[in-house]
Every structure is written in C-alpha cells, then in structure tokens.
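Subject: Handover of a structure and notes on its contents

Dear colleague,

Please find below the structure that I am passing on to you. My notes follow it.

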Amino acid sequence: MINLQCLICFDRSNNILLLIVVNEVNFVKKCISTENSQDDLWGKLICTNFKVSFIPQDASSKQKTQLSHLLLGEHDIPLTCLEQVLTVNDTKGKKKVLGSNQKLKFNPTELLLYCKDLRVIRFCFVEAGPESAKKVCLAIAHYSHPADLQLLFGFEYQGRRYHESKGTVLYNVGEQVNGSTTRGGLHTPLFDRPSDWDREIKRTGASEWRVCSINENYVISPSLPEYIVVPVSLADQDLKQYSAFFTDNRIPLWCWNHPNGSALVRMASITDPLQQRKMDGRIFTGIKKSHPQQSEVFQIDLDKCLPNIQEIQSAFVKIRQICVLDPFEESEERWLSTIENSRWLEYVRAFLRNSAEIVFHMDGRNVSVVLQEEEDRDLSCVVSSLVQLMLDPHYRSLIGFQSLVQKEWVMAGHRFLDRCNHLKKNDNKESPLFMLFLDCVWQMMNQYPAAFEFTETYLTVLSDSMWIPLFSTFLFSSPKQRTQYLTDFAKSKAIPQGEDQSVYFPPVWEWSQQFSHKDQTLFNNPMYVGKGAACVQNGEVKSFTRTKKTYSSNARGALPSVRNGLKGIEDTLTRRGSIMSELRSEFSPVKEESPTERYLRDWFSQPADQQGVLIPLLLPSHVALWKLFFLRWVPEACISKGGSITSYHKLSQLVDEIEFLKSQLRQYTGPSPGSTPLPSPRGPPSGQGRMYFKASSPDDPPTPPDFLTSSFPFTPVGNLCRRSVYGTPISKFLNGARIWLSTETLANDTI
C-alpha cells in the first residue's frame, strides 16, 4: 500500500506548489559516468504526482549558469517526460521495463530513466534499502502512466494557481513577457474567437474570405475550430451539406492569403469517390472566385509525396538511438553514415522541398493551392506552417510564430495527445511531427539567421514544453476535446462560468510561468532584421525590391529536378542511402528550363530579403543535424567555449551596447554649446534589457566566459556519460573525413 504525503513548497515565483509525495528512498547514487564514480552524486530520490526529483545531499554552491525552470529543479524530470522506466539487478543479471500496475519480482540495484527530451538518467541503489528502492521504482512507473488525462498534474496545479491569482498577489496574471499576456493587450492570438480570424483576414488582405460560424459548439466537426474562414461565394447552408462528404466532416480550412490574391487552403479527403469530382468542382470554384484573376487551383495530395507518421516515428527512434544511446564519437567513420541512414534528415528535406514547391505555385505562378491529406491533421500541419513561414515575415517574429502554431496545429486539430502519447496507451499512434516541424524551422534559421526574431534556444524550450503537463497547448487532440475537458475542469474547481479558458488553464505562450524575464531574453535573436530594415553591402544600402515575373506551367504533374535540390510535387522519395539521384539531372544534356527552375534561379540570383520570401537551400550538404537539440545532453559532444553560443554571446553584448547608446541619445536634450550632457546610469534598469548577455567593460577578458559551451543554456552535467573518451586522434579524424565526404557529397558541395 502506497503511503501518500503532502509536500507544500514554493516555485521560484513564490506560488504554492502542492505536491503529493508518493514514495521516496534515501542513500541513492545518481551515476554520472559509466566507468568511474568520481562525479557521482548521493542523495534522496522522490516520486511525486508531478515529477521525479533527486535531491543531492551536498548542495552545489556553483553558480547556476544554465536555463533555470521556475517549476523544475536541475535534477527534476516531469512524469510525462518519461519514455521508459527500466529496472536492473546486475547481480542476478535481470532487467525489466516497468509499466502501470506491474509487479517487480526482484529488488532493483539500478534504475534507468529514458526521457522524451533525450536525457538518460541512471540511479544506483547499492546503499539504499531494497524494499524502498523497489517501491519508488514501481511508483515512478505507475504515475508516469496516468489512466486519464485529468490525472495529469496540470489540472491540479492550474486550479490552485487560478484561485491564488484571484485571492492573493502571489501570481501576476497580467504580466507581459515576450508578448504573451491575458486578453486585452498585445498577446498571441488563440484563434478561439471570430475577432482573431477577422484580424488575420485583414492582415493578409483576404477580402474575398469571411469568418464562418457553422461549427459553433462543434456541431459539424469535432476536430475543426468553432470559427473557420471560407470563401465569400460559398453559403453556410451549402457548406453544411458539403461537410458530410469529407473525412470527419472537415470542410476545407483557409490558412493564409498571398498579397497577389492566391490562397493556401487545407482539406481532408472526400470519403465517397463518386462525389469526388462534384465536391472538387464546387469547392475549387469557390476558391477560384476568391482570387482577383480567378486563377486555377493547384491541388497536392500530401499522402502520396511525403512520409507517413510511422516512417517519421521510425526515423526519429533511429536518430535518437544514434545521438543519445550509441557510443558517441563524431569522427567515427560510420557515424555520419548512420545519421544519414536513419532517414530523419531526408524527411526534413522532403517537407522543406514540398513546401518550397508550394511557394513557387503561390508566389511564382500566382495560383491558390489546396493541401489534401486523408484526415488533414498531421502532414498538413507541417507543410502549411512551413509555407507560411517562407512567405510571410510576420510568422518569423516571436508572436507571429506562436500564432502560427496556435492556428495551424492547436486549432486545426493536430492530435497532440496521441502523437505525444501522454497517456502511453497508443504507441502505434505516436509520431514526432511537431518535433519534425521545429527541426525544419531550425534549418531555415541556420541558413537565414537574421530573418527570425527568436533563437534555437526558444525552439528547444518549446519542444521540451510538450512534456510539461501544465499548459493546454500540447495536451489535447482537438479543439472540442480541449473545450470539454476544460469545461469539466472549471466546474470541478468552482471557477465561475464564462471565465476565459486561457486564464484558468493558460497556453504554453505564458512563458512567465516557466522562466524568469532574464532567462526569457535567451529567446531573443540579436541578429534579427525587423520590418523596414535596410541591407548594407560594401558600404551601400541595397534595396530589396524584386522584379515580379509570371511563371506559367502547363503541366500539373511532376516538375523536373532543380539546382536547389527541389523535385516534383508528385515525385516519391528515392533511395536514401545514395544521393546520386539528386544530381543525375545536373549531368544530363542541357534541357529547356522549367518554370520552377527559372523561378528559383531568379530568386537565388538576388540578395535574400530577410523580410520577404525565404526559400531554403535543400541539397544534402545544406541540411544539418540540429546539434543543440540532439546532442545537448551528450558530455562527449560538449565543446567548451564553442558552438554557436560564442557568436551569440558577442552579438548580444554588441546589441546591448547599441541599446545603451540609444538610451543615452534619448536622454540627451541638446544643452548649450560647450557644455556636456549629464552622465546617466550604465545601461537600462536591471532586468529590463532585451539581451541575456550585457555589454562588456574594458576590464572584462576578451575570451568567452568559462561556462559557455556548445550545449548552453543546457548542461550535460547530470546526464549519463556513456564513455570517458572526449576526443580521438587527428589522424583518425582525417581518415574518417575522407570516408564521410564521398564523391557524391563533395559533388553536392560544389553546386
């Protein structure tokens, strides 16, 4: 019988955090290295209803230099973040993966926790009581497999937080950080009300589209939002009739409008083949009428040209195995080959490639595009988001990007509950589609670092937030499910009827619940080129005005390969082990240039407009491994004073210095000639700077601080080190390099 205890503690914002201690065990060793115990930690292992906590006996006095979560300690793991709980008895040679309500017939000597954020944590119970060790292992396994969504800690935490915010001043609900506030000010739109859609229609100039409310109370489709945008020419009554022919009654969903009038629309498959032509005609006619030139509509079937969710899951499992579990040695001859053979980077390229093709049709051919997928809830989310990211600079700002995720993922009915497998009941439905999307975004950021307001730290933290069950964004599989659960939650917690759901169960965009203002400044990109910024080349200001051309296409089928690595929309994925197929057309006799090739040649012949259309380079050598995400917990891959953080550090200091000079200029009121302005305090008030790193003084050393590593602001310390090898001979590195850089790869690099 489990002995439950209440633990009342405070998070770093002084909010009461009521945790239930399910089980605990003393004299536990947290293993840092597999080969020696020099760096191991001793302490207490606790399982609560929210997280697994390890409390070291010897509290570290070192300065905390990594990202500090307000609700999670350095050694804490949310229960929803646990992928696998493995118990081991090394003396008997036994091991068992534990699930909910399972029995353990041996006393464990070790516990290994495999986490969804790619951490691997190992505890040893050599000095601990065997029965206590067994109980805490069973408790962790049981509470990491909740039987129902409402048993997740977020439902208890947010209810208590709501009433505290109404009765005390412990939590400032209206605090604005990074543009995410309660209703009324500058905030990330949630697209749960008509006004949010109206603003989006006006922002994109979609004058021939309107907000439709036929799905209020989810009477038409449970997976669509209550309010959708449809062509003006289609009547509500007609849309109700058409909905019966689509999967899950999902009538076509408007995403975005190009300034030239072309629209991006996503659509589920039509269930009755006999009605296919009829429905296509009526829907496409409505979309065609919304275009100023009434151009034809281009349709793409994503199920035919992109990997499915099982293939994506398989690729992610393989690359996770390579980066996190297998012995790490980047100079090993087989390492990069195994990365390529996982097919993860190939799938990233496939989604970017298809999205770039759609950009060509909308921006180059000036036609509307319809994305078709069987359920319109997985692949469409990725592609529609990437297309808008390439075409609209608004979505490259922080608030814009958050609104894009809210619009194309949360409200469009992506199955976060199933794809994240929060309840660990549907392994066959689990697939990291949102993680794949974030990787695609990082690829674009890596190529155009000045075009995005946010950083890769922000993307990584956003990914980690999927496994913290305190926010509504990643918990549900549809808008209707979200509404039902939160309505029941409000009743059970005596929350007044009519209260805004985003107030009592906020989205993840309320970053002040997770991080301090200081830590949130790590989300800000010092290189970001805002709207209206000019490009300076060789001392001259360059204009970004592009000559608009029309690229007609007579064929609706596959398009020839192009120099940027793009292939036709209907082309299937070729053999991943070889990239010769990408280059074959480059060495064939000269052919007439296709419209796609001409569009891309014209686009790449001019300087990239950071606030205009952005098309990524897509050859294999251009798509890289996202090291901060995949390798941040690997001690062997951690480079002291290395990685992209070193340039970020210097640029942040430079931006902080510029902001200080601007503040000095603003304070200068123009005194009489000969006088000097009064000195002002150095820099902005404490905690109000935009950059994490402040401008250096003449006394600061010229080299980066010692705490800066390629894993910053995360730290691999505390994660299981698999080997003690921290480098390899340079001769082996060079020999390996000759093998990695095959003839095909070298040929790509010359293009």
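In what follows, two strands are said to pair if DSSP finds at least two bridges between them. Helices (H or I, at least four residues) and strands (E, at least two) are DSSP runs, numbered from the N terminus. The model is predicted: local features need pLDDT of at least 70, side-chain atom pairs count only at pLDDT 80 or more, and totals for chains, interfaces and linings use all residues. Residues are numbered from 1 along each chain as its sequence is written, and side-chain values use heavy atoms, with hydrogens and water left out.

Overall composition

The protein contains 23 helices and 17 strands. Of its 751 residues, 56% are buried, where buried means under 20% relative accessible area, exposed over 50% and partly exposed in between, with a 1.4 Å probe and protein chains only. Among contacts with a separation of 6 or more, 74% join residues 24 or more positions apart; contact means heavy atoms within 4.5 Å.

The four-stranded sheet

An open sheet is formed by 4 strands in the order S12-S13-S15-S14, with mixed pairing. Strand S12 (253–257) and strand S14 (297–301) stand at the edges with a single partner strand each, so one side of each has no neighbour in the sheet. From one strand to the next, the twist averages 20°.

S12 and S13 are antiparallel and share 4 bridges; Leu253 stands opposite Arg266 in S13. The hairpin of these two strands has 5 residues between them, and Gly261 there takes a positive phi near 105°. S13 also pairs with S15, in the parallel sense, over 5 bridges, and here Arg266 stands opposite Leu371. S14 and strand S15 (residues 368–373) likewise run parallel, joined by 5 bridges, and Val297 has Ser368 of S15 as its bridge partner.

Two helices pack on this sheet. Helix H5 (residues 276–289) touches strand S13 (263–268), S14 and S15, and its direction makes about 130° with that of S14. Helix H9 (residues 344–364) touches S12, S13, S14 and S15, and its direction makes about 150° with that of S15. For these angles, axes are lines fitted to C-alpha atoms, for helices over the stretch in contact, and angles run from 0 to 180 degrees between N-to-C directions.

How much of S13 is buried? The count is 6 of 6 residues, so the strand is largely enclosed by the rest of the structure. Ala263, Val265 and Met267 cover one side, and Leu264, Arg266 and Ala268 the other, all of them buried.

Trp344 in helix H9

Trp344 belongs to helix H9 and is buried, with a relative accessible area of 0%. Leaving aside residues up to four places away in sequence, Trp344 touches Ile312, Ala315, Phe316, Ile319, Pro432, Met435, Leu436, Asp439 and Phe630. Ile312 is 32 residues from Trp344 in sequence, with a C-alpha to C-alpha distance of 7.2 Å.

Helices H13 and H14

The axes of helix H13 (residues 433–447) and helix H14 (residues 456–465) come within 10 Å and cross at roughly 180°. H13 and H14 are therefore roughly antiparallel, given that angles under 35 degrees count as roughly parallel, over 145 as roughly antiparallel, 65 to 115 as roughly perpendicular and the rest as oblique. H13 contributes Phe434, Met435, Leu438, Val441, Trp442 and Met445 to the contact, and H14 contributes Glu456, Leu459, Leu462 and Ser463.

In H14, 10 of the 10 residues are buried, so the helix is largely enclosed by the rest of the structure. Its buried residues pack against helix H11 (398–410), H13 and helix H20 (627–631).

Aromatic pairs

The structure holds 44 aromatic pairs. Rings of Phe, Tyr and Trp (its six-membered ring) pair if their centres lie within 6.5 Å; planes under 30 degrees apart count as stacked, over 60 as edge-to-face and the rest as tilted. Phe416 and Phe434 form an edge-to-face pair, 5.8 Å centre to centre with 75° between the planes. Phe416 lies in helix H12 (residues 416–420) and Phe434 in helix H13, so this pair ties together parts that are 18 residues apart in sequence. Both Phe416 and Phe434 are buried. Ring pairs also link a cluster whose members include Phe401, Trp409, Phe416, Phe434, Tyr458 and Trp511.

With kind regards
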